[in-house]
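The following paragraphs lead the reader through selected features of one structure. Please keep the sequence and the model in view while reading.

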Amino acid sequence: MELVFQSSPRIIVATNTFINVPIILKYEDTPLMEVIQEQGLGFTTQIPIYHSDGTYLAKVKGNRVFPTEAGKKAKIEIRDTPGKFICSLENKVMFELSHGVGEGFKADAELYAPDGYFIKCSDSPKPELFDVNGNAIKVGGITMMGNVFQNLSVGIWLRKDGSCAIGVS
């Protein structure tokens, strides 16, 4: 089963909606959450999974998780449980992808950028570079709730110097 949209999907990240935004989250020059078009099939999402040392371990494409060769060598574990894929390394869950009926899915991740910066996409008692809880996106002193971002190149663009651009054309 592959998650494919016929038109660019609405992606909701912590109550904020991204419409026709190909890169939802970008770190430096690396897309960390993007919408891609599969030739002849339609649109789906793609998220790379990196280890804290920068090793590219797996790719989440639609509602599936695919290990890279480096991920296989590191013995990344991908479990397909009813309604959920769980990706872990050394018994630590790195990524959970819950898939429902039809086109819906939910991701919860502790993502690393290729150079080791930590980006958490879930509740966190101490915000890191980027923190998403169920109700808002918090970046530095900015809290974003219920916004609609449409027809942009990048939704949220983070840089290792701590700066952030939101809604980049």
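R159 lies over the face of W157, at 4.7 Å from the ring centre. The charged end of K26 also sits over the ring of W157, 4.2 Å from its centre; a charge sits over a ring if NZ of Lys or CZ of Arg is within 6 Å of the ring centre and within 35 degrees of the ring normal. The model is predicted: local features need pLDDT of at least 70 and side-chain atom pairs pLDDT 80 or more, whereas totals for chains, interfaces and linings use all residues. Residues are numbered from 1 along each chain as its sequence is written, and side-chain values use heavy atoms, without hydrogens and water.

K26 has P31 in strand β4 as its bridge partner. Strands are DSSP runs of E with at least two residues, numbered from the N terminus, and two of them pair if DSSP finds at least two bridges between them. Strand β3 (residues 23-27) and β4 (residues 30-38) are antiparallel and share 4 bridges. In their hairpin, 2 residues lie between the strands, and E28 takes a positive phi near 50 degrees. Strand β3 also runs parallel to β17 (residues 154-158), again with 4 bridges, and L25 stands opposite I156 of β17. Of the 5 residues in β3, 5 are buried, that is, under 20% relative accessible area with a 1.4 Å probe, protein chains only.

The structure also holds 2 aromatic pairs, meaning rings of Phe, Tyr or Trp (its six-membered ring) with centres within 6.5 Å. In one of them, F18 and F149 are stacked (planes under 30 degrees apart) because their ring centres are 4.9 Å apart and their planes meet at 10 degrees. F18 belongs to strand β2 and F149 to strand β16, 131 residues apart in the chain. Both F18 and F149 are buried.

Terms used: Buried < 20%, exposed > 50% of the residue type's maximum accessible area, 1.4 Å probe, protein only. Phe/Tyr/Trp six-rings, centres within 6.5 Å; stacked < 30°, edge-to-face > 60°.
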